[in-house]
Amino acid sequence: MSWTLKRKAQALLADEQGTVSKDWGGKVAVALVYPNTYAVGMSNLGFQTIYRHLNALPDVVCERVFLPDPEDAEEMRRSATPPFSLESLRPLRDFHMIGFSVTYEGDYINVLRLLAMSSIPLRTADRRPHDPLVLMGGVCAFSNPEPLAPFMDFVVVGEGEELVVELIAAYRDGYPDRQKLLTSLAALEGIYVPGEYDVAYTTEGTLASVAARAGAPAVVTKRRLRNVNAFETVAAVKTPHAEYGHMALLEVGKGCGRGCRFCLEGQVYRPVRHRSVDALRDTVAQMAASGERRVGLVGACVSDYPWIGELLKVVEENGLELSISSLRADSLTEDLVAALARGGHRTLTVAPEAGTERLRRAIRKPITDDQLMTACDLVRAHGIPNLKCYFMLGQPTETSEDVEAIPALAGRMLERLRVLDPAGRPFGRLTLSISSFVPKPWTPFQWVGFDGATSLLAKLETVKRGVRRLHNVRVLHENPREAALQALLARGDRRVADFLELAASYAGDWRRALREWEGDADFYTTRDRSTEERMPWDHFEVGVKKAGLLREWERARADGAAAVGAAAVAAGAS
Ligand code: SF4
């Protein structure tokens, strides 16, 4: 092993609080892998939670593995060092199980790169009896795991808190007979064994069928945690090297009841389950007792937490500062913004998503311009110097007026932020964070085609041009070509696995892989799909009914068409 890499790993561990180091003797060894860098992975509360739950089992040792930083990857190649765990510096292939925590489609290629760097056969069909079992969990595992299916011995579909105990018991029962093991795993609710399903395609290239073999369920049902109060979701390990390393993260619940039509999390984490204030009170007190100074509340929509006022008091009574990553502009309260300001918040973030009220209604996020102005008032009144707004381009029913409305809205918000300053202090900055809409599975927009990188680049240019005349406004954006990659992976089927394999063989150069891949990316991304078409994720049940999605899709089209029609009539009349 490279001494440079070993020293780096030891330095990271030395800066951590809460690392679990266990003896391996007689235990099931699980490598928990985040297919991105340490800084990103350690900010993920789901990853941290599973680390804690697995290590709480006496017969399990769980250690963390991350994608190396680029300079470390180079050193790995030079010194022939395979990816290794932080805790015991053991290579990935020494573990019984390798569990990837996958929360972002862009990390799929990294999953394969880590396996390849570890000399573990990528495809399950090529693995030998002594190879580790490879699995994936995380939100991608229950939105659409199909592009990764040929590489996964099994997939954890849903929330894993309870499931880990059953999973380890099944492993102990079946070990070392790989097939017996997979058969007993397939019988667990929430476990998907892709090798137990045969996939067929129509002559047009769409999916014809996904047939379960004997013993596997025809439809895989998502596992959901029934009692959220029974499991604490807090970061197990603290490190200054994570994005949110300066605060203790605390999940206030799971799911969101708002039903925004573009939002995957709002659909697949249903039903909404809030932790009780009593359950959170104990955790907050423990955080304070262990010397924490700041608590970051985490959840799909924290400002909708029904007892937010009470929780704010608990946080302040314990002498902790408060942080929340993003808030809904229509559930902002004076108390909440004041508490954030007292907690030293320098930026308040809201997500209007669209420039016009019309489009916001069509995507079912009906925040009004007035509510955004009120958010400006609160930010200014409480001395928070920066306001950040998330927008998405390329949403269904979007028109050029909707795009042009984004800089116009930014201009009005900026005026409001300036006007309100009673002490004449200069306002810090308004940031527009612009992303590209990717139609996700399990949402009412799952049938809509992705807008396409060329169109999105043009819209982005319209926004940038529009804000050039404004001072104190900056635009952050992702590359729409990367959104196109995300669309391919979010909406793809098992045939997309060939593309992933090619990209991994080119050290992650997906642009080159896309040029050389024999498949047609547009078939998966920009093509509108018939509501009759079988989707790659139709053999899962995640608690979202197709009939309900269809109803919402019809309503969105009706909302969009009515408003566009009304605008055309108004324009004609004037
Ligand atoms: S409020 Fe936020 S989390 Fe909830 S559905 Fe809408 S976008 Fe998703």
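1. Two strands pair if DSSP finds at least two bridges between them. Pairing of this kind builds an open sheet of four strands here, in the order S15-S16-S17-S18. The pairing in this sheet is parallel. Strand S15 (347-353) and strand S18 (473-477) stand at the edges. Each has a single partner strand, so one side of each is left without a neighbour in the sheet. From one strand to the next, the twist averages 25°.

2. A word on the source: this is a predicted model. Please read every point below with that in mind.

3. Stay with the four-stranded sheet for a moment. Strand S16 (residues 386-393) and strand S17 (residues 429-436) run parallel, and eight bridges join them. Helix H16 (residues 453-467) lies across S16, S17 and S18. Against S18, helix H16 runs at about 165°.

4. Now the whole chain. It holds 21 helices and 19 strands. Along the principal axes, the C-alpha trace spans about 75 × 65 × 45 Å. Does the radius of gyration agree or disagree with a compact globule? For 574 residues, such a globule would have a value near 25 Å; the chain has 24 Å, which agrees. Of the 574 residues, 46% count as buried. Among contacts with a separation of 6 or more, 75% come from residues 24 or more positions apart.

5. The chain is divided into domain 1 (3-221) and domain 2 (345-491 + 544-574). Their centres, taken over C-alpha atoms, are separated by 36 Å. How many residues does each domain give to the contact? Domain 1 gives six residues and domain 2 gives eight residues. On the side of domain 1 that touches domain 2, two residues are nonpolar, three are polar and one is charged.

6. Strand S1 (residues 28-34) deserves a look. The strand is mostly covered, with six of its seven residues buried. Which strands does S1 join? Seven bridges link S1 to strand S2 (residues 60-66), and these two run parallel. Tyr 34 stands opposite Phe 66 in S2. Four bridges link S1 to strand S3 (residues 97-101), again running parallel. Here Val 33 stands opposite Phe 100 in S3. In a regular strand the side chains alternate between the two faces of the sheet.

7. There is also an open sheet of three strands, in the order S10-S13-S14, with parallel pairing. Its edge strands are strand S10 (248-251) and strand S14 (321-324), and each pairs on one side only. The twist averages 30° from one strand to the next. Strand S13 (residues 294-298) is joined to S14 by four bridges, and the two run parallel. Gly 296 stands opposite Ser 323 in S14.

8. Arg 527 is found between helix H20 (521-524) and strand S19 (540-541). Is Arg 527 buried or partly exposed? Arg 527 has 16 C-beta neighbours inside 10 Å, so it counts as partly exposed. The cut-offs are 20 or more for buried and 12 or fewer for exposed. Leaving out residues up to four places away in sequence, Arg 527 touches Gly 449 and Asp 522. Arg 223 is 304 residues apart from Arg 527 along the chain, and 31 Å separate their C-alpha atoms.

Key
Residues numbered from 1 in each chain as written. Predicted model: local features only at pLDDT ≥ 70, side-chain atom pairs only at ≥ 80, totals over all residues. Rg over C-alpha atoms; globule rule 2.2 N^0.38 Å. Contact = placed C-beta atoms within 7 Å. Axes fitted to C-alpha atoms, helices over the stretch in contact; angles between N-to-C directions. Domains from an automatic or database assignment. Nonpolar A, V, L, I, M, F, W, Y, C, P; charged D, E, K, R; others polar.
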